[in-house]
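Subject: Structure handover

Hello,

Here is the structure for you to look over. My notes follow below it.

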Amino acid sequence: MMIKLLHHPLTTNKSSYRKMRYPSFSLLREHNILFIRGFMILFLSCITIQLNFCISSTPSSLKALPLEGHFSFEEADLKHAASDFGNRYQSHPMAVLHPKSVSDIANTIKHIWNLGPSSQLSVAARGHGHSLQGQAQAHGGVVINMESLSVPEMQVHTGESSLYVDVSGGELWINILHETLRYGFTPRSWTDYLHLTVGGTLSNAGVSGQAFRHGPQISNVQKLEIVTGTGEVVNCSEEQNGELFHSVLGGLGQFGIITRARIFLEPAPAMVKWIRVLYADFTAFIRDQEKLIFAEKAFDYVEGFVIINRTGLLNNWSSSFNPQDPVQASEFKSDGRTLFCLELAKYYNLEETLLVNQEVEKHLSRLNYIPSTLFLTEVTYVDFLDRVHTSEVKLRSKGLWDVPHPWLNLFIPKTKIHHFAEVVFGNIVKETSNGPVLIYPVNKSKWDNRTSVVIPEEDIFYLVAFLASAVPSSNGPDGLEHILSRNKKF
Ligand SMILES: Cc1cc2nc3c(=O)[nH]c(=O)nc-3n(C[C@H](O)[C@H](O)[C@H](O)COP(=O)(O)OP(=O)(O)OC[C@H]3O[C@@H](n4cnc5c(N)ncnc54)[C@H](O)[C@@H]3O)c2cc1C
């Protein structure tokens with residue numbers, strides 16, 4: 001009522017309002033303003049009280065949920081959920097859910113949805129926490145620790161027309177590799193590092209040296225089970241709930257939580273010929289890379305990296321890679337030049353060794369690398385795929401794994417890659433890169449532009465990844481601030 005009383009003079013148009021300036025009216029107005037102020041204060045404090053009540057009652061309402069798993073409110077657990085591989089952002093959640101079943105996740109999300117926006121609770125799925133900028137964190141909210149979800153048990157299907165494995169969204173890729181190999185099969189598309197979860201990489205893209213042939217990991221999924229933002233459990237694929245399926249892939253957990261995935265498989269090789277060759281000329285390097293991603297049966301993996309200002313370069317490789325021609329290789333001097341390393345892999349089984357050697361030789365003879373810089377090694381398929389873990393173990397032992405990682409990953413269209421390389425490797429990164437710099441092309445035709453991943457328009461684009469580690473207390477070129485400002489220049 002009082003609001004209406006006040007409302008009337010204020011909505012009167014300005015000229016008539018000016019005309020009505022007699023004392024009794026302005027007195028009424030002052031009273032009304034005082035009243036409305038009081039009312040607003042009361043109203044706002046009611047909201048705050050209600051909100052506080054909501055927030056303070058949330059932990060007990062979560063605790064009351066019937067779950068097979070449990071909620072943790074323990075400081076150590078919250079601290080862990082507030083950290084990630086990037087080591088730059090820390091947002092503490094209010095609780096961590098350790099689900100044992102898909103319905104634990106569905107019930108929790110349904111409950112939070114029903115609390116409404118006033119609960120201010122956000123939810124984030126956390127895979128292995130290898131994000132760089134807090135993507136798997138939920139400030140004051142609930143983090144769902146997907147690695148606790150061990151259902152469904154992994155199931156490998158090797159029917160004549162269908163080769164796939166069904167896995168939990170919280171499963172680590174390294175475990176999938178070991179399990180599928182027991183049946184003689186393997187997923188087709190990987191990331192360089194396998195201690196990441198299925199849900200985590202499918203929420204990004206999952207790109208590595210196999211992507212030129214099979215596309216990223218998000219192009220190698222047949223079906224997903226998703227818990228949506230309202231707590232519904234929905235199955236989706238290209239044919240069924242296609243919009244949800246494509247949105248979740250590369251969707252950083254914003255369209256639902258992946259609780260189960262069906263991943264395509266192929267027969268697994270036993271061994272890998274792993275090859276590195278060097279280029280001083282960037283044009284020759286990318287011409288060969290592009291040639292190889294269109295060559296049908298040449299190599300199974302094509303990547304590349306940049307070598308900046310290193311002199312003892314070949315000594316670093318000598319333990320694991322053998323020069324094709326040791327005499328020539330010993331004469332090669334890198335002398336701090338910027339070099340480009342083409343990295344290739346050919347999969348094979350032992351009985352095919354002779355034939356594979358001939359094929360590899362044939363394809364290498366068509367490339368224009370510096371002749372004395374051909375290095376080879378032969379490793380098992382598992383050792384090849386799990387190669388970054390070997391580096392992880394070494395870095396951990398030196399205390400160099402849990403440092404800030406100001407990584408920068410870019411997709412650069414083919415028409416811009418020359419200019420990019422000229423400016424970046426010619427001017428910006430000349431002394432040190434503070435970590436590996438990857439550069440390799442992929443075919444857009446192997447990507448599905450209905451997913452949430454944003455890719456360049458061109459048929460070929462390059463993944464360029466600056467994988468820097470920062471020295472925590474340094475203000476110099478190896479310090480966080482310096483690397484971040486260099487990233488901005490890129
Ligand atoms: C050493 C290293 C090497 C890497 N190499 C590569 C590489 O070669 N190629 C590549 O593409 N990437 C690579 N990455 C990046 C990696 O793919 C992403 O950081 C990935 O998100 C990490 O997976 P995770 O399980 O740790 O996910 P998290 O960091 O836990 O989560 C990542 C995102 O996915 C969401 N999420 C997690 N699980 C689910 C789920 N089940 N459902 C819905 N959303 C979910 C999270 O909320 C978050 O937004 C690398 C990372 C590291 C640390």
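Start with S72. Leaving aside neighbours within four places in sequence, S72 is in contact with D77, A95, V96 and H98. Two residues are in contact if their C-beta atoms, placed from the backbone, lie within 7 Å. S72 sits in strand β1. Helices (H or I, at least four residues) and strands (E, at least two) are DSSP runs, numbered from the N terminus. S72 is partly exposed, with 18 other C-beta atoms within 10 Å. The cut-offs: a residue is buried if 20 or more other C-beta atoms lie within 10 Å of its own, exposed if 12 or fewer, and partly exposed in between, with C-beta atoms placed from the backbone. P59 is 13 residues from S72 along the chain, and their C-alpha atoms are separated by 9.9 Å.

Before you read on, two notes on the model. This is a predicted model: local features need pLDDT of at least 70, side-chain atom pairs count only at pLDDT 80 or more, and totals for chains, interfaces and linings use all residues. Residues are numbered from 1 along each chain as its sequence is written.

Confidence and totals
The pLDDT is the predictor's confidence in each residue, from 0 to 100. The protein averages 89, and 87% of the residues score at least 70. Over residues 1-28 the pLDDT is below 50, and this stretch has 10 contacts in the model beyond near neighbours in sequence. Where pLDDT is low, the predicted coordinates should not be read in detail. The secondary structure comes to 17 helices and 18 strands. Of the 490 residues, 34% are buried. Take the contacts between residues at least 6 apart in sequence: 73% of them join residues at least 24 apart.

The sheet with β1
β1 belongs to an open sheet of four strands, in the order β1-β2-β4-β3, with mixed pairing. Its edge strands are β1 (70-72) and β3 (123-126), each pairing on one side only. Two strands pair if DSSP finds at least two bridges between them. On average, neighbouring strands of this sheet are turned by 25 degrees against each other, direction ignored.

β1 and β2 (residues 95-98) run antiparallel and are joined by three bridges. F71 has L97 in β2 as its bridge partner.

Helix α5 (residues 102-115) lies across β2, β3 and β4 (142-145). α5 runs at about 170 degrees to β4. Axes are lines fitted to C-alpha atoms, for helices over the stretch in contact, and angles run from 0 to 180 degrees between N-to-C directions.

Strand β8 and its partners
Five of the seven residues of β8 (residues 221-227) are buried, so β8 is largely enclosed by the rest of the structure. β8 has two antiparallel partners to look at. Six bridges join β8 to β10 (residues 257-267), with L224 opposite A261. Five bridges join β8 to β9 (residues 233-237), with I226 partnered by V234. β8 and β9 form a hairpin with five residues between them. In the turn, G231 has a positive phi of about 90 degrees.

T186
T186 is found in β7 (residues 185-187). T186 counts as buried because it has 21 C-beta neighbours inside 10 Å. Not counting residues up to four places away in sequence, T186 touches L177, T180, L181, L265, E266 and A268. T186 and I176 are 10 residues apart in sequence, and 8.1 Å apart in space, C-alpha to C-alpha.

Helix α16
α16 has 15 residues (414-428) and should span 21 Å at 1.5 Å a residue. The expected span is 1.5 Å times one less than the number of residues. Its end C-alpha atoms are 20 Å apart, which agrees. α16 has a kink of about 30 degrees, centred on F420. The bend at a residue is the angle between axes fitted to the seven residues ending there and the seven starting there.

Which residues of α16 are buried? They are I417, A421 and V424. An α-helix has 3.6 residues a turn, so residues three or four places apart point the same way. What covers the buried residues of α16 includes α10 (282-294), β16 (408-413) and β18 (460-466).

Best wishes
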